[in-house]
Amino acid sequence: AEKRSKRQTAPSVGALFEAAYALQPLVVAKAEAISGDAGVAYGSTKTVARAFQKAWRSYGGDYRRLCDVVRVSIAFESVDELTACLERIVADDELELIPQGMEKCRFDPEYDPYAGQFVGYRDLQLGATFKSAETRAQGLDQHIIEIQLHLRVFEAIKKGHVTVGVPVLARMALLRTGSGHRTYVSCRNLRCS
C-alpha cells in the first residue's frame, strides 16, 4: 500500500507513555492470539530513555512520530508460518494496518538500507492501531503500535545465542558485545540515529 505519514495523537509525551503502558499487555495478548500454534509472541514498551533519544536523533524532537513505543514481536521457524500469521493479521477486524514504505519489509530482496553495504538482518514491521471493544472503551484505539514478524534464526543471532553462518567480523563483534542487537545499538549510536 502507498506509504502515509504516521503520527501519534497523544497531546504530550506523558500521555503517549501512559497510553502505551495501558495498551502493551492488550497488544501482547492479541499477538498471542494471532500467532497460531507455530509463533512465539512477546513484547515490551520502548524505554523512555530510548524514546527521547530516538525523538531527538531521528525526528527533530517530534515525539508524535514515535510509532513503536508499544511493540510486539512474533517469531516463527519458517517463512510459511510467518506468512500465515500475516494473513491472519490482515483478516483481523480489530487490527487496522497503516500503509508504510517497503523499508519496513526487510524480507524484500531489494531491501538495501545502507546503499550497498551488506545487512543480513530480516524482519517485517507493521504499523497498526488496535480497535477492540476494550481499547475503544479506554481511548487507546488511535495509538499506533508496531507488530514485528521475525524468523527464529534471526532472533537467535540478534540475542547472541547463535553465531553459525555469521561473517567473521560480525562474529567478532558478537564476542565483544554479547549479542547481535547490542552490536546494532553500538552502530546506531555511532550514526546518532
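This is a predicted model: local features need pLDDT of at least 70, side-chain atom pairs count only at pLDDT 80 or more; totals for chains, interfaces and linings use all residues.
Local features need pLDDT of at least 70, side-chain atom pairs count only at pLDDT 80 or more, and totals for chains, interfaces and linings use all residues. Residues are numbered from 1 along each chain as its sequence is written, and side-chain values use heavy atoms, with hydrogens and water left out.

Helices (H or I, at least four residues) and strands (E, at least two) are DSSP runs numbered from the N terminus. Two strands pair if DSSP finds at least two bridges between them.

| Strand paired with β4 | Sense | Bridges |
|---|---|---|
| β3 (residues 95–98) | antiparallel | 4 bridges |
| β5 (residues 144–151) | antiparallel | 6 bridges |

On the β5 side, T129 stands opposite I144. Of the 7 residues of β4 (residues 124–130), 7 are buried, that is, under 20% relative accessible area with a 1.4 Å probe and protein chains only. In a regular strand, side chains alternate between the two faces of the sheet. L124, L126, A128 and F130 point one way from β4, while Q125, G127 and T129 point the other way.

Helix α1 (residues 13–34) has 22 residues and should span 32 Å at 1.5 Å a residue; its end C-alpha atoms are 30 Å apart, which agrees. The expected span is 1.5 Å times one less than the number of residues. A kink of about 35 degrees lies at L23, shortly before the proline P25; the bend is the angle between axes fitted to the seven residues ending there and the seven starting there. The buried residues of α1 include L16, L23 and I34. Just after α1, G36 takes a positive phi of about 75 degrees.

Note on methods: Buried means under 20% relative accessible area, exposed over 50%, partly exposed in between (1.4 Å probe, protein chains only).
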